[in-house]
Amino acid sequence: MGVIEVENLVKEFNGFRAVDNISFNIEEGEIFGMLGPNGAGKTTTIFILCSLLKPTSGTARVVGFDVVKDEMKVRQNIGIVFQDVVIDDRLTAMENLRIHAHLYSMAREEWIPRAKELLELVELSERKDELVSHYSGGMKRRLEIVRGLLNQPKVLFLDEPTLGLDPQSRRFIWDYIQRLNAEKGISILITSHYMDEVDILSNRVIIIDHGKEVVLDTPNDLKNRLGKDVLRLKGDPNPELIDDLKTLSFVNDVKASSEGIEIGVNIPGGDSVPEIMKIIYNHNYPFQSLTIARPSLEDVFIYYTGKSLREETPDIAHTMKRKIGSRARRR
Amino acid sequence: MGYLSELMAIFTRGMIILWRNRLLLLGNLVMPFAIIAIMGPAANLQTFGYLSFEYLTTGIMGMMVFFSGMFIPNNIIWDRDTKYLNIIFVSPCNRSTIVLGYSLVGAVRSTLQILIIYIGACVISIVLGYNNTNPQKGLPYISFSIPVLFGLIGITILVTIFVGGFMTIIASYSKNSETFFLLASIIGMPLIFISNMFFKPENLPFNLGALGIINPLNYLINTIRYLMLGELPPGEMPWEGPLLIIVLAVIFTFLGTYTFVRSVKK
């Protein structure tokens with residue numbers, strides 16, 4: 001039995017299907033990634049699993065409890081870090097944790113040692129009595145993770161936990177998540193639209209788009225499914241060279257990119273290099289570098305959805321959102 | 001332990017925030033004293049004794065309690081808008097603790113105000129001509145008494161909880177705090193004007209004084225006046241006001257919780 005069991009989950013808002021017939025299981029101690037663009041239904045799914053929303057149809061069980069019938073038992077067994085920073089910055093870290101402990105009816109002898117241990121883990125011990133308004137974005141996020149873990153949940157939901165953070169803070173958060181999973185054995189459901197985040201952290205990934213499940217597998221197997229490498233040639237795009245490269249039997253696709261030429265091959269990248277170099281030599285093509293890359297989750301996403309993941313860069317206040325764009329690349 | 005602990009969470013948070021906002025706290029405490037010290041004797045003189053110091057003092061007390069309750073949903077709306085409520089909703093706490101917890105914070109605030117007005121009125125009575133055995137017309141004669149003090153605290157807490165629950169229902173239908181304050185004023189201000197807070201019911205135009213029987217504020221004021229001055233309108237029993245307020249506090253805490261949770265959770 002999995003810690004989370006979702007079967008044919010549907011959620012509609014005024015006729016709009018935010019979650020469309022999704023099914024998946026999460027095993028104990030697993031980090032399960034949910035990948036998708038904004039509006040794909042990730043947060044709605046989490047809200048249903050946390051009993052904040054009622055599903056239109058389908059069933060969901062968390063730690064064996066039905067999210068509709070046993071909502072109180074579900075709440076006792078989960079912790080959550082919401083997409084938005086939801087922490088009272090008029091209080092200190094310890095005060096925030098104290099309020100949280102009271103909400104879960106935790107005794108003083110129970111929550112104080114645990115709070116101290118968790119604050120130590122996320123390196124906030126020394127600033128535990130400081131007002132949260134003086135914290136950086138990354139520190140607030142870490143405190144939210146501590147709060148989510150205070151009641152010793154069996155499942156931790158992390159909804160876009162690194163949204164709006166700088167790269168260094170993101171790395172810190174990833175490290176804490178991996179340590180929590182390894183040391184405490186907590187099952188984690190993490191949603192993100194950052195490919196690298198899900199790739200690094202997750203044991204398995206579900207890609208959802210328009211509320212529907214697109215594919216579910218381990219990150220490596222998902223990438224292996226594409227069965228090819230990508231060679232990136234840095235230099236000016238040369239149309240004749242592209243045409244000649246396309247004639248090679250192991251080449252799937254060749255396209256000009258902003259930095260040069262991208263060559264998709266269906267054999268290991270290294271094996272394809274001699275033949276490709278011959279053609280480059282024949283054209284006397286002045287390239288700067290040649291790199292071989294494994295397909296990324298971005299490639300997987302494009303392969304299965306026919307488009308790239310719309311990325312979003314929030315500003316400091318998380319209020320303005322910028323869509324970088326969506327490339328339609330049907331295969 | 002469970003319910004009390006959950007209630008404690010909401011209450012403690014509200015109290016810490018109130019304590020940290022010293023300016024707000026100071027304003028809340030200074031304002032009632034300023035009103036009673038300046039307006040009380042002045043209004044008495046301005047109205048040639050028609051509105052006595054005691055009548056105004058008890059009216060102002062009622063107004064303070066009502067306003068404290070009126071602003072309780074402001075905190076809940078703030079929590080809703082900042083999504084902090086999701087943290088509470090995702091915890092296994094009883095939903096009624098949200099409305100009741102915030103109402104208790106409001107009750108602490110209004111109790112402090114009431115105590116300041118009461119003690120201030122007693123001091124003014126002594127300074128300006130207190131005469132316990134033979135109160136002279138036009139001179140303040142409010143005296144201090146411990147049972148009255150406890151009675152005032154009890155009624156203040158109950159009324160704040162009732163008004164907090166009632167206003168939470170209005171907050172449930174308000175998309176933002178501006179709409180809430182508008183709706184709360186539209187409903188709240190007429191309740192004040194047709195009550196016996198500042199005007200004697202028999203002098204209200206168009207027989208509006210008759211509506212006093214369905215205005216819960218009248219029962220609040222009558223109870224305060226009974227406690228402090230020993231006066232009660234003809235035909236009203238001393239237990240009627242407190243009993244009605246207890247019933248309303250329970251009903252509106254429940255209704256406020258129900259409508260608010262329903263408005264947030266879909």
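## Chain A at a glance

Of the 331 residues in chain A, 42% are buried. This is a predicted model, so read what follows as the predictor's picture of the complex. Chain A has eleven helices and 14 strands, and its C-alpha atoms fill a box of roughly 75 × 45 × 35 Å along the principal axes.

The chain splits into two domains: domain 1 covers 4-220 and domain 2 covers 228-294. Their centres, taken over C-alpha atoms, sit 42 Å apart. As for how the chain folds back on itself, take the contacts in chain A between residues at least 6 apart in sequence: 68% of them join residues at least 24 apart.

## The six-stranded sheet

Chain A has an open sheet of six strands, running in the order 6-7-8-3-9-10 with mixed pairing. Strand 6 (78-81) and strand 10 (212-217) of chain A are the edge strands; each has a single partner strand, so one side of each has no neighbour in the sheet. Going from one strand to the next, the twist averages 15 degrees.

Strand 9 (residues 204-209) of chain A pairs with strand 10 of chain A in the antiparallel sense, over five bridges. As a reminder, strands of a sheet pair through backbone hydrogen bonds, either parallel or antiparallel.

## Two residues with positive phi

Most residues other than glycine have a negative phi. Two residues of chain A are worth a look with that in mind. A:S105 has a phi near 55 degrees, a positive value in a residue other than glycine. You'll find A:S105 in the loop between helix 3 (93-103) and helix 4 (108-121) of chain A. A:S105 counts as buried because 20 other C-beta atoms lie within 10 Å, and the cut-off for buried is 20 or more.

A:E160 also has a positive phi, near 50 degrees, and again the residue is not a glycine. A:E160 belongs to the loop between strand 7 (155-159) and helix 6 (167-184) of chain A. With 23 other C-beta atoms within 10 Å, A:E160 is buried too.

## Where the chains meet

The contact between the chains takes 24 residues from chain B and 19 residues from chain A. On the side of chain B that touches chain A, the elements giving two or more residues are helix 1 (2-20) and helix 5 (84-89) of chain B. Helix 1 of chain B supplies the largest share of that side, ten residues. By type, the residues on that side of chain B divide into twelve nonpolar, six polar and six charged.

For the complex, the predictor gives an ipTM of 0.82 and a pTM of 0.80. Chain B averages a pLDDT of 84, and 89% of the residues score at least 70. Among the elements of chain B, helix 7 (residues 146-172) has the highest mean pLDDT, at 93, while helix 2 (residues 22-46) has the lowest, at 75.

One stretch calls for some care: over residues 130-135 of chain B, pLDDT stays under 50. For that stretch the model has nine contacts beyond four places in sequence. Where pLDDT is low, the predicted coordinates should not be read in detail.

Notes:
Residues numbered from 1 in each chain as written. Chains lettered and ligands numbered in written order. Predicted model: local features only at pLDDT ≥ 70, side-chain atom pairs only at ≥ 80, totals over all residues. pLDDT = per-residue confidence, 0-100. Helix = DSSP H or I, 4+ residues; strand = E, 2+ residues; numbered from the N terminus. Contact = placed C-beta atoms within 7 Å. Pairing = 2+ DSSP bridges. Axes fitted to C-alpha atoms, helices over the stretch in contact; angles between N-to-C directions. Buried ≥ 20, exposed ≤ 12 C-beta atoms within 10 Å, placed from the backbone. Nonpolar A, V, L, I, M, F, W, Y, C, P; charged D, E, K, R; others polar. Domains from an automatic or database assignment.
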